[in-house]
Amino acid sequence: MKASLWLTLLGVNISFVSAAGIDFPASCQAFSPDTRAANAHREFTEYVPAGTNLSLPYNDATCARPYQIVPVDVCRVALYVETSNRSGVTTEVWLPRNWTGRFLGTGNGGIDGCIKYEDLAYGAANGFAVVGSNNGHNGTTAASFYQNSYVLADFAWRALHLSTVIGKQVTQAFYEQSHTKSYYLGCSLGGRQGINSAVEFPDDFDGIVAGSPALDFNNLVSWRASFFPITGSADSTNFINVSTWKNLIHSEVLAQCDTLDCVDDGIIEDPTLCHFRPEVLICTKEKINNCLSTEQVEIVQKVFSPMYGENGQLIFPSMQPGSELEAADKLYAGKPFSYSKEWFQYVVYDPSWNPAEFDIPDAKVADDLNPQDIRTWPNDLSKYEERGGKIITFHGQQDGKITSFNTERFYNHLSTAMNMSSSELDHFFRFFRISGMSHCSSGPGAWAFGQGGSPAPTMTPFNRHENILAALVAWVELGVAPETITGTKYVDDNPELGISFQRSHCRYPRRSTYIGGNHWECALP
């Protein structure tokens with residue numbers, strides 16, 4: 001059994017003998033699972049051959065997923081699950097011909113209701129029966145949350161759990177045998193969903209990849225809302241435009257912090273060491289170009305400061321230096337951040353709320369409301385640990401949508417609350433800091449390591465050293481815990497152009513430390 005598992009980790013798909021494998025297309029077309037007990041209605045079942053450019057015309061346009069290349073033969077099952085007379089969840093289960101016996105649940109992003117078809121394709125390509133849902137609503141707007149606690153329940157916790165339960169039932173019915181192990185893969189909101197699942201439904205998944213997690217969700221929404229009042233609108237006197245953030249300010253951030261790791265490569269390896277001083281950019285009589293006014297320097301200082309409450313308590317950590325490359329396009333763009341704006345308009349207050357008037361008391365209102373217990377800031381993961389579950393979380397150190405300092409804060413919070421040292425937490429919970437990576441993907445660093453269907457479902461090798469999902473499989477099934485995760489930077493982020501460089505990312509609290517040549521090592525601070 002172990003030999004076959006190792007072959008799978010090396011990229012060799014091991015198919016299980018099942019009725020579906022005798023004539024896969026015919027078995028798929030004839031498949032009609034009974035899901036009435038789960039109050040689910042089968043919309044359709046279709047056989048999709050490898051290489052199909054699957055058109056998704058009914059997918060909400062705001063999801064920006066009009067089609068998906070399907071890399072392997074799959075049986076696609078679409079279902080609708082009624083959760084109340086005012087809510088429901090759209091779910092898809094992709095059942096690959098090359099099934100390895102594993103099951104994979106996938107998450108969502110932002111406040112959206114978008115199935116991540118690229119992750120369904122990624123899971124199927126690597127032999128998982130995989131499920132995804134719209135998380136209880138369609139598109140990227142929060143309008144359906146307004147005065148509807150049922151849709152909020154789907155979004156906060158119910159949709160993932162129900163789609164997982166139903167997905168496992170459909171998988172067993174199709175292959176005529178149960179899955180061997182169950183996994184989860186998600187980033188951003190999906191990372192929050194993964195951590196929440198470990199708390200609320202510890203039996204759903206044997207292993208969880210929770211990337212760039214949107215933890216302490218209510219305060220995250222408020223932190224994001226705070227930037228618009230800080231930066232002002234795009235037509236305000238001291239507004240800092242995107243070009244200034246990405247060229248002048250980012251260049252100065254690199255000038256001050258890039259070589260802290262002794263390597264001049266455009267990447268801040270550990271932003272916790274970077275104490276950026278924007279005051280050096282103040283305009284003077286001698287320097288009247290490529291500089292900032294005193295008021296603009298104050299804006300930059302506020303942007304890179306933690307958010308505190310009226311009584312001095314921390315609401316959310318500061319944005320990390322280097323993130324301005326991404327944050328300038330959304331958080332500092334001189335307009336309300338859409339996810340925060342809509343959360344306050346459709347969940348916390350009402351559609352008349354003015355995002356320009358956000359202030360610290362609003363953060364307390366949002367966190368006190370905590371609809372459907374969406375906060376996700378657990379003190380204890382012992383139930384998940386006791387059932388043998390494993391969690392890998394990661395966070396890009398250049399994330400411009402959720403500061404990576406919050407995941408470090410959560411790790412330290414969990415260590416204190418559970419009275420566990422890092423070496424003890426390592427037994428079931430490991431956190432990897434990914435230098436030079438933006439939000440979930442992209443950036444100048446070595447950011448591709450199998451964290452989802454980007455840059456392409458089949459490009460990242462499925463081995464435990466270069467693929468975080470394969471690393472999780474090896475940990476769960478073989479007891480081999482990941483020491484590092486090797487990321488790849490492709491030329492122009494295009495795998496077809498080849499590899500630019502690779503870097504092994506360290507697990508927290510270890511720091512990637514340069515030792516000469518092309519060599520780095522993981523060292524404790």
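This is a predicted model: local features need pLDDT of at least 70, side-chain atom pairs count only at pLDDT 80 or more; totals for chains, interfaces and linings use all residues.
Gln320 counts as buried because its relative accessibility is 0%; buried means under 20% relative accessible area, with a 1.4 Å probe and protein chains only. Residues are numbered from 1 along each chain as its sequence is written, and side-chain values use heavy atoms, leaving out hydrogens and water.

Where does Gln320 sit? Its place is the loop between β11 (314–316) and α10 (324–327). Helices (H or I, at least four residues) and strands (E, at least two) are DSSP runs, numbered from the N terminus.

Which backbone atom does the side chain of Gln320 reach at 3.3 Å? That atom is the backbone nitrogen of Ser404.

Leaving aside neighbours within four places in sequence, Gln320 is in contact (heavy atoms within 4.5 Å) with residues including Pro271, Phe304, Gly396 and Phe405.

I turn now to the nonpolar cores. A nonpolar core is a set of buried Ala, Val, Leu, Ile, Met, Phe, Trp, Tyr and Cys residues joined through side-chain atoms within 4.5 Å. The largest has 51 residues, and Phe217, Trp245, Ile249 and Trp343 have the most contacts inside it. Among the elements that each supply at least two residues of this core are α4 (149–175), α8 (242–257) and β11. The largest share, six residues, comes from α8. Apart from this core lies another, of 41 residues, among them Trp94, Phe128, Ile468 and Ile485.

Technical notes
Buried means under 20% relative accessible area, exposed over 50%, partly exposed in between (1.4 Å probe, protein chains only). A polar contact is a pair of N or O atoms within 3.5 Å; within protein, one must be able to donate a hydrogen and the other to accept it, and residues adjacent in sequence count only if both atoms are side-chain atoms.
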